[in-house]
Amino acid sequence: MKILFVCLGNICRSPLAEGVFRHWADRSGRSGDFEPDSAGTAAYHEGELPDDRSRKIAISHGIRLTHRARQVKGEDFDRFDLILAMDRDNLSHLQFMAPHPGLREKIRLFRDFDPLPGDGEVPDPYYGGLDGFRLVFEMSLRVSQRLLETF
Ligand code: 4NP
């Protein structure tokens, strides 16, 4: 199953979510069942490694983030089975970008898979401190485990 994690810049939330999911799939002996990737709705940071703060949180849990930022492209909607948006802005961008209306069925909010109740969004931590990144990490952990139970 091919899962694409999507945020705005593809340097903070989505590469962290991808790294956490990859790590847990691996630890569950299920890495062969999944092809995770991440992308951004914007191209501002194309080619960059994840933000230092995402990398710091990840490495403190033994997860090395090596993803290079890229923008979502039309063929992603064919290639991926599930496209997970970090917030509602990302969701509406993705719905707008989908080449065919039928492909919109693949797009969901990431936090639809969070077992804890919330407002459905992963807050953008870019302009804040490390705490925001810790929150993204914790959400990613819960969502990854739920994805592994579901698929
Ligand atoms: P992300 O965070 O969408 O979680 O990667 C952001 C990264 C960069 C910017 C905004 C949010 N930016 O404005 O450059």
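Visitor: Hi! What should I know before we start?
Guide: Residues are numbered from 1 along each chain as its sequence is written, and side-chain values use heavy atoms, leaving out hydrogens and water. The model is predicted, so local features need pLDDT of at least 70 and side-chain atom pairs count only at pLDDT 80 or more, while totals for chains, interfaces and linings use all residues.

Visitor: Thanks! Which residues are around the ligand?
Guide: Cys-7, Leu-8, Gly-9, Asn-10, Ile-11, Cys-12, Arg-13, Tyr-44, His-45, Asp-124, Tyr-126 and Tyr-127. A residue is near a molecule if one of its heavy atoms lies within 4 Å of it.

Visitor: How do they divide into nonpolar, polar and charged?
Guide: The shell has 7 nonpolar, 3 polar and 2 charged residues. Here Ala, Val, Leu, Ile, Met, Phe, Trp, Tyr, Cys and Pro count as nonpolar, Asp, Glu, Lys and Arg as charged, and the others, Gly among them, as polar.

Visitor: And what is 2.8 Å from an oxygen atom of the ligand?
Guide: That is an N or O atom in the side chain of His-45. A polar backbone atom of Leu-8 is 2.9 Å from a ligand oxygen, and a polar backbone atom of Cys-12 is 2.9 Å from a ligand oxygen. The protein covers 92% of the 360 Å² of accessible area that the ligand has on its own (Shrake-Rupley method, 1.4 Å probe).

Visitor: New topic: which way do the side chains of β3 point?
Guide: In strand β3 (residues 82-85), Leu-82 and Leu-84 point one way, and Ile-83 and Ala-85 the other. In a regular strand the side chains alternate between the two faces of the sheet. All four of those residues are buried, meaning under 20% relative accessible area with a 1.4 Å probe and protein chains only. Strands here are DSSP runs (E) of at least two residues, and helices are H or I runs of at least four.

Visitor: How many bridges join β1 to β3?
Guide: There are 4, and the two strands run parallel. Strands pair if DSSP finds at least two bridges between them. Leu-4 has Ile-83 as its bridge partner. Strand β4 (residues 107-109) is also parallel to β3, with 3 bridges, and Ala-85 stands opposite Leu-109.

Visitor: Last one: is Asp-114 buried or exposed?
Guide: Asp-114 is buried, at 8% relative accessible area. Asp-114 sits in the loop between β4 and α5 (130-150).

Visitor: What does the side chain of Asp-114 make a polar contact with?
Guide: One partner is the side chain of Arg-111, at 3.0 Å. The side chain of Arg-142 is joined to that of Asp-114 by a polar contact of 2.7 Å. A polar contact is a pair of N or O atoms within 3.5 Å; within protein, one must be able to donate a hydrogen and the other to accept it, and residues adjacent in sequence count only if both atoms are side-chain atoms.

Definitions and conventions: Buried means under 20% relative accessible area, exposed over 50%, partly exposed in between (1.4 Å probe, protein chains only).
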